Each structure stands twice: as structure tokens, then as C-alpha cells.
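Here is a friendly walk through one model, meant for someone meeting it for the first time. Take a look at it before reading on.

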Amino acid sequence: MNKVYVVDTEVVTGLGRSVEETWKKLVAGKTAFKPVTRFATDNYNSNLAAIIEEINPSDGKSLIHPLIEKITSCLPRVPAGTRIITATTKAGIDNLEKLVRGNSSGPSDVSLSSISEIVSKKIGLDDHGINVSAACASATIAVAKGASLIASGKAESVLVFCIDIISEFVFSGFSAMNAMSEKSAMPFDKNRSGLTLGEGAASILMMNREAAVKNRFPILGTVSGWGAANDATHITAPARDGCGLINAIGKSLKLANITERDIAAVNAHGTGTVHNDMMELTAFKEVFAGRRVPVNSFKGSLGHTLGAAGGIEVVMGLEVLSEQLLPPTVGLSEPEELAEGMVSSVPVEISGNYLLSTNSGFSGINAAIVLKRGEA
Amino acid sequence: MTAYITGVGWVSASGMGYGSNYANFSMKKGPLPDISRKDVFTEPYKAFGRMDKFSKIGLTAIAFALRDAGLEKWSEKRNIGTIASTFYGCLNTDISYYDTVIPEEGALSSPGLFAYTLPNCFLGEACICFGMTGTGFVINEQSSYGLKGLETVIESIEYMEHEIMLCGFCETACPSNFEVVRETDEDISGSLFFVLEKKISDNRENYGEVNCNENNDVLFNNTVVSDLCMLAEKCLENNSD
């Protein structure tokens, strides 16, 4: 199998408009949560989200357009022949809201495949690509699928692009399910009571060695292993015993040809919901056989960016390995018992070459990615 | 890499069924049947009634494909993966959900409907119903129905992630004011799923072999197929011999 190198990353989040800005603020323990003004929140159980304030709708187009533009305008020249895989849960769902309310709007942004169409046209790729829809593990599985194409020799270069926006559609849904925290999300905290939504986008350009050298890209890191598994338990709640996540992590470690002892840190899904966080801690306890491996979540800073979360976390995970520093879990005050000695409200220095990044979502899906530092 | 097709199941405007009752097979567009639990399962299955139509037709075709392959019954969870293609996904459910948001500015938003506003939710239902713990996701593509999903399934079987996988598509009719021009002329509603297996024992029946050539064409018994409907027709032709 070919090695899979990450050669370029771009990100836009509520915290920052670049990898560097987002990283600095994550390390500084900042949060992007602000009151939502895009729609009325009076009847929802929170008014907070990690909004990107300067993206505004225009000409009846969805908010996905200015957000896509922010990423694509930063991209380096993407080689011809690059395959594209996008990830989103709801694409331009804000346009469905307008259409259902009888307002003028284009329907095309609503289709999930619109993201790959728009991105591929903007950067001039022949491949119109596919979109992966796997709830909150969408981007993680898109990265895995892209890595698999390169590893198997079916592609030399793959661009993964992930995006989700804050919309009333999604905000109202999580509120109706009582999954949103009234206050800011508190991942892995004893007093956590739900998630806080966020929006963002990221791109991850992956290549085999020959393509990276030929196109003179730097090597930022390696995607060494990946795995996905369903817990076959409930469509909106995780299996309490973490069986699906344990299975996904096992597959990713096996593919990376390492053991759990090689993992320096874990960037967890860590949504801040009672059941997700406990499921993850249960799975980590099993996988790491009681070792207090450093664990963090970005969702107290960036919010839960749904289908984009896994991609944004891969981008930031490469920074974790590069800097050998795990940013704090913002919102954490009193760690859940199983998380004691693992999570921290301050940055933690780490030592090692491998980071595990995990995500889980509706339908019982769990996904894991093993990232390796640099070219090591 | 070769995989064997051991099951085919479908729901369409012409009816629903699986391999052995192939006579009504057609995926032409039209009103889809309303499916009740008794159409699919002999035993009570409480969750079926609460599902949206998209999930019901997807789950039904998966159930029939597994039945056709002799894999419907299970006692221990199994590493079976599923990849489904869709263009419109659960758009009708999205609209039904948002209709509950508008009247009282969100105060009456339906959590039950929101749970089905992701196109991969029916895969979760299938995993629960049939004890399947493999990977599962939905592919949204502009072009021909399901071939990229099938390529992914063959690749996943080749690289040992799964020995058994389901592959197919699920599509309900698009609301008129949401119609989006597609790259393909196909206009299909319904659901069609295949069971693919890496190995089969000598005496086990199967429809034939499927693989990809170096140009990434999908071949069924060494003949190029252009979409999953054509693949089903080829499988069922063999069955009628």
C-alpha cells in the first residue's frame, strides 16, 4: 500500500480564518461562542453557536458559497487529475428554509452533491467527485475514503473538502431533541448538559510520495490508519459500551500497523452530551487498558461543526503532532470521573508520533483516523 | 479483485421483491408503494412504523437483499458494511420537518422527524435490524446511480475491511419546486440493494462475479455495466435461465 501524505490544509472556523489563527486561539483556550442573530432563537434551549460572522447570504444563494470561497481562495494550485471527496450533513440547507417559506432561492444548493460540484468547478478539476454523508463522522470517513484511494494506487492526489453551516433547521432540531446545552458546551465535564453548534469548513489535500515531490508540496503529516464501524444499537444515541468506537479504533490501529501504546494523544469527538462523552471515555478505557492517555475535544472552542468536524479536527490534529502540544478542552471545569488525568483545561505537552482522532454520529456510525507526525 | 453477488432486493413503483420473484423487476419512476411492516417482516418490528418513507424503502430493499442471500437471520452481530447512493436523499423528510418548525417559530419542532433528516439514518436502522457492524455511509453523486458506491464496495472487500457488503441506492420522488438538473438522464425512484461477498462455498448459489477493470469500469461476468439497474437486470436474467 502507498503511504498517504497530507500536503496542504486550510480551515475556516468561528475562531479563525486560517489554520494558524484557529490553532493559536485553540491553544489560548478561546471560544467562538456568541449569541445567534441569523434567526430567532427565543423558542430554543440555547442562543449560542460558534458563528462565522462575516459570511452573509447574497443573491438568494446559500451561506455555503462565501464559506467555500474563503477556503478555495487560499488553496494552492491543485494538480490536474486530483480526485475530490466532500463531506457535509446538510449542505445549503438554509436555502431549503427559504424555499419552504416561499422565498426566492435556488434549489441546487440544497442537494448534498452540490458541494463537490461547486468546489470542483471553482478549482478547475475534471472530477466532479462525490459527497460522503455519514452524520457527524462524514468528514472522517471522507478522509478515510480519500486515503484509501491513494493507498490502493487508484489516485495520486485527493482533495477532501468538508463544510457545514449554522441554520435554523439544524439548530431547531438539536433543541427539539434536548441535545443542546443551555450554556456553552462542557466536553467531558461532570456537569455537561449538551452540545453547542458551530460552523466551519476545511480542506485536506493528500498525495502519494511521487505526486507530493513532483508538485513540490511540503509534507505536513501522514494519514496512517482509518476505520469505521456501526454499533447497531440506536439511530440517535451511542451504544453505552462504546463497542462501535472500539471496533473503529481497532481497525485504524491495525491498518496503521501500530498498537494503542504508540498513540501520544487522542482528539476525541467530545460533543459535551452526556451519553456521547461517557461512551467515548468507556471506549478509551477499554482500548488503552487504563492508560491515562491525553485526550481533548475542540468542541468547547469551535462548537460542533457536524459533518465538517472530523476534517477540521484532522487539520488541527496535524498541528498537535507538529507542535507536540494538545490544546485545552474549553468548557471543562470538573472532569468526569473516567476522564480524570486524561482531559485538561490547560494545554498539555505530548511526546510521540501518532494522534488518534475520533468521531461518532447519528445512525450509530463511529470513525477513527490515525495521524502520523511529519514524514517520520 | 472479484466479489460475488449473492442477493438482490428492491422496492419500486412496479412493486417490491428479491431475486426469486424477479418478474416484476423495474426501477422506472412512479408512485412508490406504501410499505407496512407486514410487507417486510413476519415478526413485530416496532421501529418500522416511526420511520420516514425514505428509510422504509431503503430498509425494505436491504431486508430483501439479505433474505435473498440467506443472511437475513442472525444471532451475533456481523461485520457487514453498507454503502448507499442517493441524489435527493431525505429531502421530503427535510421539508416535512421544517414544516413543523415554521408555525410556532420552532416551539413545535418535531424531534421524531428531525431524527430522519440525515440520509444515512436508514443504514443505522438496517444495522440495528440485522446486526451489522461494518462501515456505513451514503454517497451523493451527480452521475449514474450507484457505480461509485459499487467501486468503493469492491475496494473495501479487496482491502480486507469487509468480507460481506451491501451496495445500492435509495431515492424518493423529489418535490416539484426542488428539482435540480442532474448530469444523468436517469430519473428513478425506489431502492435497489445487492449483497456482495468475497468468498462463497462451492455449492452456494450466486448471480455472478463483479469486479472493476483498470479503467474503473464495473464488470459483471466480464460485461461492462453502466449502472446498478443494469446490474440487477443482468443478475435476474441469469436467474431466469
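Predicted model: local features only at pLDDT ≥ 70, side-chain atom pairs only at ≥ 80, totals over all residues.

Residues are numbered from 1 along each chain as its sequence is written, while chains are lettered from A and ligands numbered from 1 in the order in which they are written.

**Where the chains meet**

Let's start between the chains: 48 residues from chain B and 48 residues from chain A make up the contact. Two residues count as touching if their C-beta atoms, placed from the backbone, lie within 7 Å. On the chain B side, H5(B) provides the largest share, with 6 residues. (Helices are DSSP runs of H or I with at least four residues, strands are runs of E with at least two, and both are numbered from the N terminus.)

There's strand pairing here too, which takes at least two DSSP bridges between two strands. Strand S5 (residues 130–133) of chain A runs antiparallel to S4(B), joined by 3 bridges. In that pairing, Asn131(A) sits opposite Asn140(B).

**Two domains in chain A**

Chain A splits into domain 1 (5–214) and domain 2 (222–373), with bounds from an automatic or database domain assignment. Their C-alpha centres are 19 Å apart. The contact between them draws 61 residues from domain 1 of chain A and 55 residues from domain 2 of chain A. On the domain 1 side, H5(A) gives the most, at 8 residues.

**A strand on the inside**

Now for S6(A), one of the elements on that domain 1 side. Here are its pairings:

| Partner of S6(A) | Sense | Bridges |
|---|---|---|
| Strand S4 (residues 83–87) of chain A | parallel | 5 bridges |
| S7(A) | antiparallel | 8 bridges |

Across from Phe161(A) in S6(A) you'll find Thr86(A), and Ser157(A) has Met207(A) in S7(A) as its bridge partner.

Is S6(A) buried or exposed? 8 of the 8 residues of S6(A) are buried, so the strand is largely enclosed by the rest of the structure. (Buried means 20 or more other C-beta atoms within 10 Å of a residue's own, exposed means 12 or fewer, and partly exposed is in between, with C-beta atoms placed from the backbone.) In a regular strand, side chains alternate between the two faces of the sheet. Here, Ser157(A), Leu159(A), Phe161(A) and Ile163(A) point one way, Val158(A), Val160(A), Cys162(A) and Asp164(A) point the other way, and all are buried.
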